[in-house]
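Here is my note on the model you asked me to look over. Please read it with the structure open.

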Amino acid sequence: MWQTFLDDCRLCFIKNNRWQYLFDGLGVTLQVAIQAILIGIVIGFFVAVIRSSHDKYGRFPVLNALAKIYLTVIRGTPMVVQLLITYYIILKSIDSKVIVAVLAFGINSGAYQAEIIRAGICSIDPGQMEAGRALGMGYWKTMFRIILPQAVRNVLPALGNEFIVLMKDTSIVGYIALIDLAKGGDIIRSQTYSVYVPYLTVAAIYLILVMFFTWLLGKLERYLRNTGADVVQNNS
């Protein structure tokens with residue numbers, strides 16, 4: 001049994017340097033996930049501020065309507081369909097499949113992060129905004145220096161979970177012939193006709209990545225909880 005397993009490992013990874021499919025695919029997976037989550041953060045912050053400002057103070061009615069359409073469309077259609085539309089229609093003139101994947105996943109993630117961040121903003125006492133304005137700070141300065149830092153600290157676990165979900169969802173980029181970690185395992189399977197070793201290895205790598213980023217997130221949460229300095233005092 002063990003000899004058969006070792007033979008399969010040599011066939012799948014050592015022979016013809018097939019391990020490189022997984023190594024290169026892992027790089028693509030991390031590149032797409034990290035860049036997409038950063039784009040999603042930017043979009044999410046912008047949309048969340050618009051939505052929460054409209055809900056609380058009636059500001060930006062036109063932008064709020066556009067934001068609601070964006071959220072409805074993105075959250076109401078499958079990610080794989082959005083990826084294919086982005087690749088074959090919206091960005092069909094772009095040669096880089098990585099850029100297409102990053103933008104597609106970033107726009108998708110932005111919709112979910114927007115609602116997470118909006119929930120965090122709504123959890124902050126309205127008196128915080130009033131206190132900032134009383135100190136002579138403008139609306140946007142109060143929002144970015146007082147409200148958002150506290151909101152992010154409240155929703156950090158949810159944002160971390162969004163990154164983990166996004167990283168796993170990148171496994172569908174094989175639909176646009178981009179070789180990521182999952183597609184690398186599938187290529188090894190197609191060349192060796194061995195099913196268990198490549199797929200179980202891919203699953204193990206994803207599991208290790210999730211455990212690693214979960215550990216990092218826990219460290220960041222403990223750091224923020226231990227520092228615990230009042231944001232208003234730090235910025236006043």
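Predicted model: local features only at pLDDT ≥ 70, side-chain atom pairs only at ≥ 80, totals over all residues.

1. Residues are numbered from 1 along each chain as its sequence is written, and side-chain values use heavy atoms, without hydrogens and water.

2. The structure holds five salt bridges (a side-chain nitrogen of Lys or Arg within 4 Å of a carboxyl oxygen of Asp or Glu). Arg118 pairs with Asp55, with 2.8 Å between the closest N and O atoms. This pair links distant parts of the chain, 63 residues apart: Arg118 is in helix 5 (residues 97-122) and Asp55 in helix 2 (residues 19-57). Helices are DSSP runs (H or I, at least four residues), numbered from the N terminus. Arg51, Asp55, Glu115 and Arg118 are linked in a network of salt bridges.

3. Arg118 counts as buried because its relative accessibility is 18%, whereas Asp55, at 43%, is partly exposed (buried is under 20% relative accessible area, exposed over 50%, partly exposed in between; 1.4 Å probe, protein chains only).

4. Asp7 and Arg10 form a salt bridge at 2.3 Å, N to O. Both lie in helix 1 (residues 2-14), three residues apart.

5. Thr86, in helix 4 (residues 79-90), is buried because its relative accessibility is 11%. Beyond residues up to four places away in sequence, Thr86 touches Leu91, Lys92, Val100 and Ala104 (heavy atoms within 4.5 Å).

6. Ile69 is found in helix 3 and counts as exposed because its relative accessibility is 52%.

Key: Helix = DSSP H or I, 4+ residues; strand = E, 2+ residues; numbered from the N terminus.
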